[in-house]
Amino acid sequence: MEKKKVTLVIPMYYEEKVAEECYKRVKENLEKLEKYEHEIIYVNDGSKDKTLEILEEIAKKDETVKVVSFSRNFGHQAAVTAGLKYVTGDAIIIMDADLQDPPELIPDMLKLWEEGNEVIYGKRKSREGESAFKLFTAKMFYKTLNALSDVEIPKDTGDFRLVDKKVVETINTLPEHNKFLRGLFSWVGYKQAPFEYERKERFAGETKYPLKKMLKLASDGIISFSTKPLKLVGALGILSIVISFILLIYALVSYIFHLNNLSAGWTSIMVAITFFSGIQLMSIWIIAEYVGRIYDETKQRPQYIVDKTINISK
């Protein structure tokens, strides 16, 4: 009987401090899977340190290691997307190189897959080594995203997950440019199951998701899975009209009954101007975000550019 294959997709960005340890621990755990063949696909996301050199040396010694290297940095989601294009396994596991998502959990995830689940997503019971600010913003992000989205995206999840080959094939057919993968894996459906685990501290190095990138990811998630912000623009417009009518009525009543000296009403005028200006600018910003995404899609540029591949035949 032919063995099934497990493929790991691991994006790498300035990970020279963890690359060798990542390979060592991943390989040790994959070799324990006697029922499965395996392959590891590393995607170098334009790293300028020694990450690619280390991966090249590993790939020379181990043919099960495949390397995809970008021409420049295109981002984490693009790196994962690229890796999914090259998989040949029956079960595909996505994990980061920093070992916060322990490779020792692979056998347990495979058991859930063998039971018929097609998407097994890692759900964090705890997140060691992360600041209170990051934990708070992550919690608020998922609350906001699920409040706005038409598709429920599990809370406290990341990209660490196991997915069936047919799910990956479906994801690979989706042409959109700014992919929010954890949302897309929920959107496509199939039989899904959570896998709770304790998320560890980084083995070494620094996080590759500072506040700026976290905000970009949050923006991708909300705009990709909801049109409710556009509806919010309409609601704000109605609110503005209602408030303007209230101010008009107040002004007329004050004039008729001499309740207030209108010539001294500069405060109320300034409040009204700044309030309405703020609503207008915020509305323009929300619309501009959607128009910008449409512009990106119409250019039809590739999501990433592959500079070189190692141990990949297709």
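**Burial and salt bridges in a predicted model**

Valine 163 is located in strand β6 (residues 157-164), where strands (E, at least two residues) and helices (H or I, at least four) are DSSP runs numbered from the N terminus. The structure is a predicted model, in which local features need pLDDT of at least 70 and side-chain atom pairs count only at pLDDT 80 or more, whereas totals for chains, interfaces and linings use all residues. Residues are numbered from 1 along each chain as its sequence is written, and side-chain values use heavy atoms, with hydrogens and water left out.

With a relative accessible area of 0%, valine 163 is buried; buried denotes under 20% relative accessible area, exposed over 50%, and partly exposed in between (1.4 Å probe, protein chains only). Apart from neighbours within four places in sequence, valine 163 is in contact with Asp90, Ala91, Ile92, Glu118, Val119, Val168 and Phe185, contact meaning heavy atoms within 4.5 Å. By contrast, proline 175, in the loop between α6 (165-172) and α7 (181-187), is exposed at 73% relative accessibility.

The protein chain comprises 10 helices and eight strands, and buried residues make up 47% of its 314 residues. Of the contacts with a separation of 6 or more, 84% involve residues 24 or more positions apart.

Within helix α2 (residues 51-61), Thr51, Leu52, Ile54, Leu55, Ile58 and Ala59 are buried. Viewed down the axis of α2, these buried residues fall within an arc of 160°, so they line one face of the helix; the arc is taken over the directions from the helix axis to the C-beta atoms. They pack against β1 (4-12), α1 (19-31), β2 (36-44), β3 (65-70) and β8 (306-310). Lys60 and Lys61 are exposed on the other side of α2.

Seven salt bridges were counted, each defined by a side-chain nitrogen of Lys or Arg within 4 Å of a carboxyl oxygen of Asp or Glu. One of them joins lysine 27 and aspartate 62 (2.9 Å, N to O). Lysine 27 lies in helix α1 and aspartate 62 in the loop between α2 and β3, so this pair ties together parts that are 35 residues apart in sequence. Both lysine 27 and aspartate 62 are buried. Glutamate 39 forms a salt bridge with lysine 66, with the closest N and O atoms 2.7 Å apart. This pair links strand β2, which holds glutamate 39, to strand β3, which holds lysine 66, across 27 residues. Glutamate 39 is buried at 1% relative accessible area, and lysine 66 is buried at 15%.
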